Every structure is written in structure tokens, then in C-alpha cells.
Amino acid sequence: MTSPLDPSTVVVHAGRPDRVPNAPVGDSPVFSSTYVAGGDRGYGRFGNDAWTALEATLGELESGRGLTFASGMAAVAAIVDLVPVGGRVVAPQHAYSGVLALLDQQAAAGRLEVDRVNVADTDEIVKAVDGADMLWIESPTNPAMEVADIPVAAAAARRAGATVVVDNTFATPLLQQPLKLGADVVMHSATKFIAGHSDVVLGAVITADDELWTAIELRRRSLGAIPGPMEAWLALRGLRTLALRLERAQSNAAFLAERLLQHPRVSRVRYPGLPDDPGHDRAAAQMSGFGAILSFELGGDAEGAQRVCESTALWVHATSLGGVESMLERRRRWPIEVPTIPDDLIRLAVGIEHPDDLWADLDQALETALST
Ligand SMILES: *Cc1c(COP(=O)(O)O)cnc(C)c1O
């Protein structure tokens with residue numbers, strides 16, 4: 001399933017219908033809850049052409065087999081359900097808050113145990129995976145932008161018999177392929193960069209292990225968190241331009257990181273693309289780019305940070321990321337955000353606008369919000 005073509009070509013051409021006379025260039029969504037008997041599809045909860053095309057494309061990009069879900073969290077829930085009752089999950093201290101909340105809920109219900117580690121601390125991971133059932137990695141992490149050493153952590157977890165899962169949402173399948181780095185399962189919130197236009201909620205799982213694929217597919221059937229055909233089709237339509245969108249968004253992010261670093265009111269910038277960032281060398285080794293998300297802090301001024309988010313004209317003050325339009329938010333405005341995330345941390349989800357316009361608006365917002 002590995003392709004000799006560059007991922008930026010694969011993302012355009014994978015998962016298309018066979019090139020026979022009169023064939024469409026791309027699949028259309030099929031709106032049917034059931035299928036005529038005699039085939040392998042059966043019923044709308046078991047399969048759909050729009051999922052198949054998206055899954056084939058994601059599978060080829062990540063070197064495995066794909067499964068799409070109703071949301072990123074539906075994909076997370078299906079994967080976490082693989083952990084045996086009473087099992088133990090090693091999870092990041094900082095990660096997408098919904099994932100950490102789900103693990104905490106399951107731990108509180110006595111369903112499993114959770115150990116939190118700093119994913120940037122490889123020794124801590126290696127110690128914690130001994131006897132664990134699952135290692136959950138997010139890299140770079142939301143919104144602290146820590147980078148895990150995926151090859152070393154994955155190898156240690158596998159030796160210990162734990163299933164290694166990587167939430168690859170921030171990196172996208174173009175910048176990082178965790179299965180090649182030793183992970184068993186990759187998960188995406190396709191809501192973000194994959195769909196790319198802030199108009200779809202969708203999740204995806206990719207694995208090269210047939211047993212794991214079958215176990216996760218069974219959970220999709222039985223837990224029922226299936227994507228709609230229209231959402232899957234929109235996500236694939238968005239995915240076709242991921243390479244272009246990412247190229248622009250990533251260069252915008254690098255430009256903004258440098259600008260923020262020089263701003264007198266900014267106390268810290270977290271972006272693995274900055275040469276002095278603690279995750280820089282690791283990210284350079286395992287990713288083919290540093291992505292389009294960064295965070296910065298304002299020396300403890302949480303109220304100022306909130307005002308900055310409310311003072312932009314171009315940047316959208318909203319949660320989520322990976323759309324063509326740039327967004328920002330103070331993550332701690334959410335009660336479920338981890339308390340060790342600084343109060344004054346603003347996450348930037350950089351889009352594809354002109355970099356000068358993005359900086360002018362952010363600079364203006366910093367000035368307006370902090371000039372009192
Ligand atoms: C958004 C997000 C999720 C959850 O995905 P949904 O599509 O919102 O359900 C999981 N992980 C990361 C890193 C995310 O950004």
C-alpha cells in the first residue's frame with residue numbers, strides 16, 4: 001500500500017474510480033440506507049462508497065487501511081474501547097482535551113486506568129508503558145506543542161505489548177506518517193486539516209494491522225458512530241487540496257512565529273519550526289514540515305490574552321483548526337482544558353490568507369488589547 005509517488009501527488013489521485021470509458025473522475029456520495037441483497041455491503045451502517053473513497057485515500061497516505069467515523073471523538077472512542085476492562089492506558093499530560101476527558105470518564109467509571117506522562121520526556125514514557133495495554137501519543141500536542149520521540153516511544157511500548165496509537169491531527173498525513181515510525185494505529189480529527197474548510201465534523205482511523213482494523217470496524221458497526229455520505233464526500237473533496245493549503249498555512253505559521261518572537265509583549269512562542277523550540281530537532285527528524293499551529297503566551301496576562309482574541313478583525317475568534325481561515329483562541333477559556341496549560345496561552349490555527357494581512361491584524365489586536 002506504500003506508493004512510490006510523492007504524498008502531494010497521492011493526495012490528489014488516490015481513491016478515484018477506475019479509469020474506464022464514461023467513468024466519473026471522482027465518486028459521488030450515495031444516499032441509500034440499504035442495498036439490494038446478494039452483495040457484501042448489506043446496510044448503510046456497514047459501508048458507503050463515499051467512505052470507501054476517503055478511506056482508500058487516507059490509507060494510501062498513511063500506509064495502512066482506513067476507517068472513517070462520525071467525528072474524531074467517535075474514532076477515539078472506538079480505539080479506546082479496544083482496551084480490556086481493567087486495562088491501563090498511558091496518555092499525554094497535555095493533549096486534545098476531549099480525549100483526556102474521555103479517558104478520565106472511563107477511569108472514573110472503573111473501566112480502565114490512566115497514567116499521564118509528559119510526551120516530550122521519552123524516559124518517562126518508556127517507564128510508564130511497562131505492563132500497559134495502550135500508549136496514546138499526540139505529537140505535536142494541543143495546545144502546548146510538545147513533540148514526542150515517536151520511534152523510540154513506540155518501540156518501547158510495542159516491546160511491552162501495548163498498542164501504540166498516535167493522534168496525527170496536527171501533523172496531517174502529509175507531514176508525519178506514524179505507522180512508518182512504529183505506531184499501530186493512527187487517528188485523525190478529519191474535521192480539521194483533512195476536510196480543511198470548517199464545514200464538516202468527521203474522524204478517521206488508519207492501521208496496517210488487519211486484526212486491529214477488523215476490531216475497530218466492528219466497533220464502528222456496533223457503536224454506530226458512522227459518518228454521513230455527504231460529510232465523507234466533502235472531506236475527500238477538501239483533502240484533495242491539502243498539500244497546497246498546508247504549504248501556505250505552514251509558511252504563514254513560520255512567519256508569524258518569528259514576528260511574535262520579536263514582539264515585546266510576547267513572553268513565549270511555542271512552534272517546533274523555531275530553531276530554539278524544545279521540540280525542533282525531533283520534529284525535524286520525524287516530520288516533513290512543522291505544521292500550521294502555534295501557541296504564544298503573554299507573561300501571565302490571561303485577561304489581556306482574552307482581549308487579544310476579542311480584538312481581531314480578520315482572525316476568527318473560534319475553537320477548531322485546520323480550516324483555510326485563520327482562527328485563534330485562549331485555550332483555558334474551556335473549563336475542561338488541562339490546568340497546566342498556561343492561562344494566557346493563545347493558540348493560533350493559521351490559515352491560507354496573505355501573511356502580511358494576518359500579521360497586521362494580530363499586531364493591531366495586541367496593541368489594542370494590551371496598550372492600557
Ligand atoms: C478536534 C480534535 C479531536 C476531536 O475531533 P472531533 O472531530 O472534534 O471529534 C481530537 N484530537 C485533536 C488533536 C483534535 O484537534
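**Salt bridges and the domain interface**

R219 forms a salt bridge with D81, with 2.8 Å between the closest N and O atoms. The pair joins distant parts of the chain, R219 in helix α8 (residues 210-223) and D81 in the loop between α3 (72-80) and β2 (87-92), 138 residues apart. The model is predicted.

**Salt bridges**

- R219 is buried, at a relative accessible area of 19%, while D81 is partly exposed at 29%.
- E297 and R270 meet through their side chains in a salt bridge of 2.6 Å, N to O.
- E297 belongs to strand β9 (residues 293-297) and R270 to strand β8 (residues 268-270), 27 residues apart.
- E297 counts as buried at 9% relative accessibility, and R270 counts as buried at 9%.
- In the salt bridge of R330 with D343, the closest N and O atoms are 3.8 Å apart.
- R330 lies in strand β11 (residues 327-330) and D343 in the loop between β11 and β12 (346-349), so the pair ties together parts 13 residues apart in sequence.
- A network of salt bridges links E329, R331, R333, E337 and R347.

**Domain interface**

- The protein is divided into domain 1 (7-239) and domain 2 (242-370), whose C-alpha centres lie 25 Å apart.
- The two domains bury about 3000 Å² between them, 62% of it on carbon and sulfur atoms.
- P143, L175 and F193 supply 25% of the area that domain 1 buries against domain 2, more than any other three residues.
- On the side of domain 1 that touches domain 2, the residues divide into 23 nonpolar, 14 polar and two charged.

Key:
Residues numbered from 1 in each chain as written. Predicted model: local features only at pLDDT ≥ 70, side-chain atom pairs only at ≥ 80, totals over all residues. Heavy atoms only, no water. Domains from an automatic or database assignment. Buried area = accessible area lost by both parts, 1.4 Å probe. Nonpolar A, V, L, I, M, F, W, Y, C, P; charged D, E, K, R; others polar. Salt bridge = Lys/Arg side-chain N within 4 Å of Asp/Glu carboxyl O. Helix = DSSP H or I, 4+ residues; strand = E, 2+ residues; numbered from the N terminus. Buried < 20%, exposed > 50% of the residue type's maximum accessible area, 1.4 Å probe, protein only.
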